[in-house]
Amino acid sequence: MRVALLLAHQAAASDEVPVGAVVVLDGAIVGRGYNQPISRKDPTAHAEIMALRDAAVRLGNYRLPGCALYVTLEPCVMCVGAIIHARIGQVVFGAADTKTGAAGSVVDLFGETRLNHHCVATGGLLAQECGSLLSGFFAARRSKTAFA
């Protein structure tokens, strides 16, 4: 999660929402990503998607069985869909997302028994640090807008 936090800081430095993610296989990072939808002009360029794409290229397969995904913010519906399609076995996230979280905060797609793949999701790892980074980012944006 510490590496995911470093990636989140990289997103913030690019004026993107500070979310970072890593894919881990057998204790080694095989994929890295951070939010880039603004700079890439791509609504799918969330940290999780970028990390999954990186891991798929490195491992030579769009399926990532045996992998875990660590992300600083609870995944959204789109990202949970990609995680399920990639066959990720475990997701660990930092801060909960009470507006768009799809791992229990708004909906729990990982708990949907009708889906063909199931993933164990756990939240709260370094939650305060992950949440503070996001809160600080949005507070700074609001203050810039207030004085613009």
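Modeller: Happy to! One term before we start: two residues are in contact when they have heavy atoms within 4.5 Å of each other. Please keep in mind that this is a predicted model.

Let's begin with L69. Setting aside its neighbours within four places in sequence, L69 is in contact with A21, V22, V23, E48, A51, L52, I83, I88, Q90, V91 and V92. L69 also belongs to the largest nonpolar core, which has 33 residues. Within that core, L69 is one of the residues that touch the most other members, along with V23, L52, I83, I88, V91 and F110.

Where do the core's residues come from? At least two are supplied by each of these elements: the helices α1 (2–13), α3 (47–59), α4 (77–86) and α5 (127–147), and the strands β1 (20–25), β3 (67–73) and β4 (90–95). Apart from this core lies another one, of 5 residues, including L7, A11, V22 and Y34.

Now follow two of those helices, α1 and α5, to a link between side chains. E129 and R2 form a salt bridge, and their closest N and O atoms are 2.7 Å apart. Because E129 lies in helix α5 and R2 in helix α1, the pair ties together parts that are 127 residues apart in sequence. E129 has a relative accessible area of 39%, so it counts as partly exposed.

R58 is exposed, with a relative accessible area of 53%.

Technical notes. Residues are numbered from 1 along each chain as its sequence is written. This is a predicted model: local features need pLDDT of at least 70, side-chain atom pairs count only at pLDDT 80 or more; totals for chains, interfaces and linings use all residues. Side-chain values use heavy atoms; hydrogens and water are left out. A nonpolar core is a set of buried Ala, Val, Leu, Ile, Met, Phe, Trp, Tyr and Cys residues joined through side-chain atoms within 4.5 Å. Buried means under 20% relative accessible area, exposed over 50%, partly exposed in between (1.4 Å probe, protein chains only). Helices (H or I, at least four residues) and strands (E, at least two) are DSSP runs, numbered from the N terminus. A salt bridge is a side-chain nitrogen of Lys or Arg within 4 Å of a carboxyl oxygen of Asp or Glu.
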